[in-house]
Amino acid sequence: MTQALNIVWNPSEGIDLGFFVIRYYSLMFVIAFGLGWYLMKNIFERENESLEKLDSLFVWSVLATLIGARLGHVFFYDWEYFRNHLSEIILPFRFTPKFEFTGFQGLASHGAAISIIVAMYFYSKNILKRPLLWILDRIVIPVASGAIFVRLGNFFNSEIVGKVTNSTFGIRFIQDYYSKADAVNATQIAKPKEAYSAIATNPKYADLLAQVPAKHPTQLYEAFCYIFVFAILFFLYWKTEARKKSGYLFGLFLVLLFSVRMVVESVKESQGGFESALGLLSTGQWLSIPFILIGFYFVFTAEKPIKI
């Protein structure tokens, strides 16, 4: 039987500037959107499209991604909770059992995908003045690159982890196994950051560390696969005539990205949602199937002009 590499993952919250902490998760989003803007700038220049429209595209994309991802999590994965805490959908606070700043915990890529498509419809109609599939065929390139950094952000946050494994890829996510309160109570160290560090490095708490199982780093699996999704789309757009096939790149993006999700979900811990009602597949897999089928449709009909 193969053994895990016994990597203990206990990252800091971010880059501490003294007066401000740049959280890694937020930094990954900034990199994702910044790189996305740069990629679309080059695409707009190649297509002789006005760069004045690029700023609007950036704003529409950012809002669509964040709002769609948030609502996707709420309705696809945790509606039973949020139906009784409606204010927490839009506010980064929890009021019960006590007031607590939580941030926006929970973003779903399926919701973001739907929201981006809807936003691009209005953007293409009101600002770009081009067919919807024209912008969808191009925006999937920066979206694919952004997905890489979002998953890296999840890795830094020790969230969306995989199932327990004895494979060589297993990683021990301390912050996933112990909540801040659990770490403090177990070590009797008042500050969560120091408590986590003690569990990870202090032999005195070796028994606590030993309880942390090795799990699949599914965030890294996805990030790695998304590199190839991005590379394929990038190559096809810049080096082939694929961009002239209306809907082809968009369809291929849906097939590739959500096929990755289908595979990785098989070793990912349950994220909740409606999977218990349907059985067989996880919520993420059920949500991925329609995107894959739609993607195949656009791939196979791309030779024909499609008006939407």
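Predicted model: local features only at pLDDT ≥ 70, side-chain atom pairs only at ≥ 80, totals over all residues.
Helix axes are taken here as lines fitted to C-alpha atoms over the stretch in contact, with angles running from 0 to 180 degrees between N-to-C directions. The crossing of H8 past H9 is left-handed. On the H8 side, the contact draws on Lys180, Ala183, Val184 and Thr187, and these meet Pro192, Ala195, Tyr196 and Ile199 of H9. Sorted by class, the residues of this contact of H8 with H9 comprise 6 nonpolar, 1 polar and 1 charged.

Gln188 sits in the loop between H8 and H9 and has a positive phi of about 60 degrees, although Gln188 is not a glycine. Is Gln188 buried or exposed? With a relative accessibility of 66%, Gln188 counts as exposed. Ala198, by contrast, belongs to helix H9 and counts as buried, its relative accessibility being 9%. Between Ala198 and Ala183 there are 9.3 Å from C-alpha to C-alpha, with a separation of 15 residues in sequence. Once neighbours within four places in sequence are set aside, Ala198 is in contact with Ile189 and Tyr205.

Attention now turns to helix H12 (residues 248-264), which packs with helix H6 (residues 132-156) at an angle of about 25 degrees, the axes lying 7 Å apart. Angles under 35 degrees count as roughly parallel, so H6 is roughly parallel to H12. H6 passes H12 in a left-handed crossing. Leu133, Leu136, Asp137, Val140, Val143, Ala144, Ala147 and Arg151 of H6 make this contact, together with Tyr248, Leu249, Phe250, Phe253, Leu257 and Arg261 of H12. The residues involved in the contact of H6 with H12 divide into 11 nonpolar and 3 charged, with no polar ones.

H12 also packs with helix H11 (residues 218-239), here at an angle of about 165 degrees and with the axes 10 Å apart. Since an angle over 145 degrees counts as roughly antiparallel, H11 is roughly antiparallel to H12. The crossing of H11 past H12 is right-handed. From H11, the contact takes in Thr218, Tyr221, Glu222, Cys225, Tyr226, Val229, Ile232, Leu233, Leu236 and Tyr237; from H12, the residues are Tyr248, Leu249, Leu252, Phe253, Leu256, Leu257, Val260, Arg261 and Val264. The class count for the contact of H11 with H12 is 16 nonpolar, 1 polar and 2 charged residues.

Ile160 is placed in the loop between H6 and E6. Its relative accessibility of 18% falls under the 20% limit, so Ile160 counts as buried. Which residues does Ile160 touch, not counting those up to four places away in sequence? They are Arg151, Asn154, Thr218, Gln219, Lys268 and Gln271. Of these, Arg151 is also listed among the H6 residues in the contact with H12, and Thr218 among the H11 residues in the contact with H12. Ile160 and Pro217 lie 57 residues apart in sequence, and their C-alpha atoms are 8.5 Å apart in space.

The model also contains an open sheet of 3 strands, arranged in the order E1-E6-E7 with mixed pairing. Strand E1 (7-9) and strand E7 (214-215) are the edge strands, each pairing on one side only. E1 pairs with strand E6 (residues 171-173) in the parallel sense, over 3 bridges. Within E6, Ile171 is the bridge partner of Ile7.

Asn48 has a positive phi of about 55 degrees without being a glycine. Asn48 is exposed, its relative accessible area being 71%.

Note on methods
Residues numbered from 1 in each chain as written. Heavy atoms only, no water. Helix = DSSP H or I, 4+ residues; strand = E, 2+ residues; numbered from the N terminus. Parallel < 35°, antiparallel > 145°, perpendicular 65-115°, else oblique. Left-handed = near helix turned anticlockwise from the far one by under 90°. Contact = heavy atoms within 4.5 Å. Nonpolar A, V, L, I, M, F, W, Y, C, P; charged D, E, K, R; others polar. Pairing = 2+ DSSP bridges. Buried < 20%, exposed > 50% of the residue type's maximum accessible area, 1.4 Å probe, protein only.
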